[in-house]
Amino acid sequence: MSTVSGDSTGNSTVAYRPRRSVLYMPAANERALEKAKGISADALILDLEDAVAPDAKEAARERACAKVAERVYGGREVTIRVNALDTRWHADDLRAAAQAGPDAVVVPKVGSARDVHAVEKSLEEAGAPEHTRIWAMVETPVAMLHIEEIARASQRLGVFVMGTNDLANELHAEHVPGRAPLLTGLGLCLLAARAAGIAILDGVFNDIRDLDGFEAECLQGRQLGFDGKTLIHPGQVEPCNRVFAPTDTQVEESRSILAAWEEALASGRGVATVNGRMIENLHVHNARRILAVSEAIAALEQETAAPPAPDR
């Protein structure tokens, strides 16, 4: 499996999973869950929270867990978003999800390391397999101010998911192109995620009709350093996958950098150049990361293009 650096020093590596596009699917809607089999999102969030009415919560929980157990989504990462810690559904959601064994549980409104510890304890008490990670939604000013301790709270914590709608609401901020009111919070979370060696996903874009605005926000997210973006509509998947994937030019340049570096080392030189630019360790590290990402995306797309094996 392709690997990328797992910490800010570049000294460790972790298995890389593409998370360019992460699509919310309402678990109360059987038709939507079936449709998800043919959607090319890298990962799915089967949602028990915002997309589900109170009187449909229990049925949605059963449906989401059944889909996870059936392994019907090929190589995609499949997660379940449970209801928040302070709701009456949370404990039952976690217990059922732990027994179903998704790739992760997505937990809304995480505001402290204590919240992560509570989720971790509940999962382990319910017998969750080791592969079931915690994805923490960080979406409040309190979370932003405690983000480093949250990032390092548990080995099960694998991903931050930005809840930009809730963050904007709590800040009394407006939704504007460029997202200037949110950049401080987004930046703090990016810093903490990279320092702790976990992935981080950008928040949703609300206007499904504004594809130009959506693509511009994907580009901004990629430039800021996000691994991918959470989505609310299948029509957002293709542009998101395209923007968050390395370009052909980046892949070719990365190969050239590695070839020049290896040639320099073989000849006893400590310096290499590519197209007139001096190459250093940091360029080599980034080139390896880009190639690992590209290879992992290609492998996932090949796997999800074929139907899942019967015994999965």
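Mentor: A residue is called buried when its relative accessible area is under 20%, exposed when it is over 50%, and partly exposed in between, using a 1.4 Å probe and protein chains only. The structure above is a predicted model, in which local features need pLDDT of at least 70 and side-chain atom pairs count only at pLDDT 80 or more, whereas totals for chains, interfaces and linings use all residues. Residues are numbered from 1 along each chain as its sequence is written, and side-chain values use heavy atoms, with hydrogens and water left out.

Trainee: What is the average pLDDT of the chain?

Mentor: The average is 91, and 93% of the residues score at least 70. Here pLDDT is the predictor's confidence in each residue, on a scale from 0 to 100.

Trainee: Which stretch has a pLDDT below 50?

Mentor: That is residues 5-13, a stretch with 19 contacts in the model beyond near neighbours in sequence. Contact means heavy atoms within 4.5 Å. Where pLDDT is low, the predicted coordinates should not be read in detail.

Trainee: On to charges. How many salt bridges does a search of the whole structure find?

Mentor: The search returns 27 salt bridges. The term requires a side-chain nitrogen of Lys or Arg within 4 Å of a carboxyl oxygen of Asp or Glu. Side chains of opposite charge can pair when their charged atoms come close.

Trainee: With which residue does Lys67 form a salt bridge?

Mentor: Its partner is Glu30, with 3.1 Å between the closest N and O atoms. This pair links distant parts of the chain, as Lys67 belongs to helix H2 (residues 57-70) and Glu30 to helix H1 (residues 30-35), 37 residues apart. Helices (H or I, at least four residues) and strands (E, at least two) are DSSP runs, numbered from the N terminus.

Trainee: Is Lys67 buried or exposed?

Mentor: Lys67 is buried, because its relative accessible area is 5%. Glu30, at 33%, counts as partly exposed.

Trainee: And what about Arg179; which residue does it pair with?

Mentor: Arg179 forms a salt bridge with Glu217, where the closest N and O atoms are 3.5 Å apart. Arg179 sits in the loop between helix H7 (164-171) and helix H8 (183-196), while Glu217 is in helix H9 (residues 211-224), so the pair links distant parts of the chain, 38 residues apart. Arg179 is buried at 5% relative accessible area, and Glu217 is buried at 12%.

Trainee: How far apart are N and O in the salt bridge of Asp207 and Arg209?

Mentor: The N to O distance is 3.2 Å. Asp207 is partly exposed, with a relative accessible area of 29%, and Arg209 counts as exposed at 74%. Elsewhere, salt bridges that share partners join Glu30, Glu34, Lys37, Arg63, Lys67 and Glu70 into one network.

Trainee: Changing topic: how many disulfides are there?

Mentor: The count is zero, a disulfide being a pair of cysteine sulfur atoms within 2.5 Å.

Trainee: Where does Arg156 lie?

Mentor: Arg156 lies in the loop between helix H6 (147-151) and strand S8 (157-162). Its relative accessibility is 9%, so Arg156 counts as buried. The side chain of Arg156 reaches the backbone oxygen of Thr132 at 2.6 Å; a polar contact is a pair of N or O atoms within 3.5 Å, and within protein one must be able to donate a hydrogen and the other to accept it, with residues adjacent in sequence counted only if both atoms are side-chain atoms. Beyond its neighbours within four places in sequence, Arg156 is in contact with several residues, including Glu120, Glu124 and Arg133.

Trainee: What does Ala151 touch?

Mentor: Not counting residues up to four places away in sequence, Ala151 touches Leu157, Phe160, Ala192, Ala196 and Ile198. Ala151 is found in helix H6 and is buried, at 5% relative accessible area. Ala151 and Ile198 are 47 residues apart in sequence, with 7.6 Å between their C-alpha atoms.
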